[in-house]
Amino acid sequence: MSSYMIEAIGTGIIETLEMTFFSSIFAYLIGLPLGVLLYATAEGRILANRGIQVVLGVFINIGRSLPFLILLVLLIPLTRMLTGSSIGTVASIVPLTIGAVPIVARMVESSLSEVSEGIIEAATSMGASPWYIILHFLLPEAMPSLMLGAAINVATILGYSAMAGVIGGGGLGAIALQYGYYRYQKDVLWTTVTLLVLMVMLIQGSGNRLAKKIRR
Amino acid sequence: MEVFQLQGVSKTYENDGETFRALEDVSLTIEEGEIFGIIGMSGAGKSTLVRTLNRLEDVSEGSVRFYGQDLATLSRRDIRNIRQQIAMIFQSFNLLGQRSVLANVMQPLKIAGVPRHLRKEKALEMLRIVGLEDKQRAYPSRLSGGQRQRVAIARALAANPKVLLCDEATSALDPKMTGEILDLLKEINRTRKLTIVIITHEMSVVEKICNRVAIIDQGRLAEVGEVAEIFRNPTSNAARKLVFPSNPFDPSSKNNKLIRLVFDGLAASRPFIAELVEKTGKTVNILSANTKSVGGIGYGQMVVEVPGDEAEQQTIINFFRQGGLSVQEVNAL
């Protein structure tokens with residue numbers, strides 16, 4: 001492999017990490033509150049609200065059912081509006097975030113659903129308000145499960161970031177596509193794929209370890 | 001003074017178009033400082049009943065008053081303030097598994113807005129009362145069931161409630177731990193003048209610590225009164241089922257009668273069965289006998305089979321009645 005290629009792969013690693021990191025942060029900033037709402041507004045729950053529940057449910061299901069590649073293309077105008085460009089690392093953070101939000105929201109909802117009803121009943125009987133229950137009972141109690149979910153989500157976002165290469169996003173995915181696939185450079189293809197696999201393993205592994213460490 | 005006053009409380013659930021009446025016209029009062037038992041078979045509605053006391057369940061009809069205040073009229077904020085005065089413990093403890101024992105006990109204080117530095121002090125005091133001060137840094141998963149319920153009691157008492165509701169609080173515990181928890185509750189009732197409401201399906205729990213008891217059967221109030229009185233003379237079928245020995249007996253001959261004799265501390269010192277033989281020349285067959293403490297007084301109860309014809313049986317029954325024993329036919333069940 002040429003030194004140019006090695007340098008490109010080095011940059012690719014950094015770009016992939018950047019995209020994954022920032023997209024994950026933004027996806028959780030939006031997805032976590034949505035997931036909490038999705039959980040709490042369901043029938044019989046502490047903030048039961050059929051209207052919010054239905055609207056949220058529809059948006060999240062649409063978001064999740066669109067293939068990410070289609071979403072990438074559909075979001076080009078929005079991306080251009082927000083970042084001034086539709087190609088490159090920064091630009092791909094927009095579709096990555098939007099693609100990940102519904103996944104994060106569902107994962108958060110599912111983690112919160114694991115908390116026993118008894119805990120909520122105990123909190124209610126203490127006179128806690130719904131928001132107090134969410135902040136001081138539900139989220140802390142669901143934390144290990146949220147951690148495991150986060151590891152899965154970040155790994156998914158990393159996988160998506162490789163797809164962003166198709167529409168001119170940077171990172172290892174773009175390199176694998178341009179050099180490995182279009183130019184038949186098998187060594188580049190396998191190197192980038194191996195690197196992606198290693199990164200996913202690293203993310204999943206540290207998520208598992210963290211969840212295990214904080215679980216009491 | 002009445003802590004709770006229930007007037008014609010009914011609760012109806014709608015489920016797939018079918019209505020289910022969990023409670024039907026329940027009226028009772030719970031007095032300040034007493035340990036009040038609510039007993040019934042599972043599915044009788046007692047858990048629903050206790051949840052109307054802090055409005056975890058809204059009532060469909062009737063009213064629940066807490067110190068004279070109708071809970072149904074309160075705003076969400078007001079009911080939250082009231083709930084801080086009505087603590088609750090549960091069969092499954094419901095502690096936060098991700099928080100230390102100390103943090104769990106501090107939770108209601110935080111909700112009540114107690115300043116941070118006072119919370120720890122108060123929580124430690126509560127842990128001292130339940131005898132778990134040394135476990136303050138432990139997590140609930142490391143504790144035994146009995147210890148977890150002690151932590152739950154410490155948590156329940158932390159914000160100085162006026163009442164403690166116990167929903168099958170000892171049902172997940174073995175007999176020894178049950179005894180310890182009941183002793184603790186009794187102690188707390190005595191020293192802190194705390195009103196305690198106990199939901200249970202076990203007569204032994206009621207006998208051990210309750211002053212008064214309500215018997216709930218299929219959503220209705222079957223009987224309410226002093227525990228000792230109900231033990232001596234249960235009038236409702238539901239009460240008889242709870243008080244009488246649980247294993248069914250069959251008379252060895254169709255004509256024989258089964259009777260239950262109850263004698264309190266004084267009568268227990270007389271040899272009734274021997275005297276029966278001496279004075280009337282008649283005999284009975286003892287099927288079961290035991291003594292227990294009910295509301296602090298020792299009671300003996302015996303199920304005996306009475307042979308012979310109507311007249312003979314009446315002689316025997318009269319002999320016991322004249323001796324001051326409470327006599328009931330078991331066949332009436």
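Colleague: Where is the place of B:Thr291 in chain B?

Modeller: The model is predicted. B:Thr291 sits in strand S12 of chain B, which covers residues 285-294. With 13 other C-beta atoms within 10 Å, B:Thr291 is partly exposed, because a residue counts as buried at 20 or more such atoms and as exposed at 12 or fewer. Apart from neighbours within four places in sequence, B:Thr291 is in contact with B:Gly298, B:Tyr299 and B:Gly300. From B:Thr291 to B:Ile196 the C-alpha distance is 26 Å, and 95 residues separate the two in sequence.

Seven residues from domain 1 of chain B and eight residues from domain 2 of chain B make the contact. On the domain 1 side, helix H8 of chain B (residues 227-232) gives the most, with four residues. That side has three nonpolar, two polar and two charged residues.

Elsewhere in chain B, the axes of helix H5 (residues 145-158) and helix H6 (residues 175-192) come within 9 Å and cross at roughly 20°. H5(B) and H6(B) are therefore roughly parallel to each other, the limit for that term being angles under 35 degrees. The crossing of H5(B) past H6(B) is right-handed. Among the residues making this contact are B:Ile153 and B:Leu157 of H5(B), and B:Leu184 and B:Ile188 of H6(B). By class, the contact of H5(B) with H6(B) has six nonpolar, three polar and two charged residues.

How values were computed. Residues numbered from 1 in each chain as written. Chains lettered and ligands numbered in written order. Predicted model: local features only at pLDDT ≥ 70, side-chain atom pairs only at ≥ 80, totals over all residues. Axes fitted to C-alpha atoms, helices over the stretch in contact; angles between N-to-C directions. Helix = DSSP H or I, 4+ residues; strand = E, 2+ residues; numbered from the N terminus. Parallel < 35°, antiparallel > 145°, perpendicular 65-115°, else oblique. Left-handed = near helix turned anticlockwise from the far one by under 90°. Contact = placed C-beta atoms within 7 Å. Nonpolar A, V, L, I, M, F, W, Y, C, P; charged D, E, K, R; others polar.
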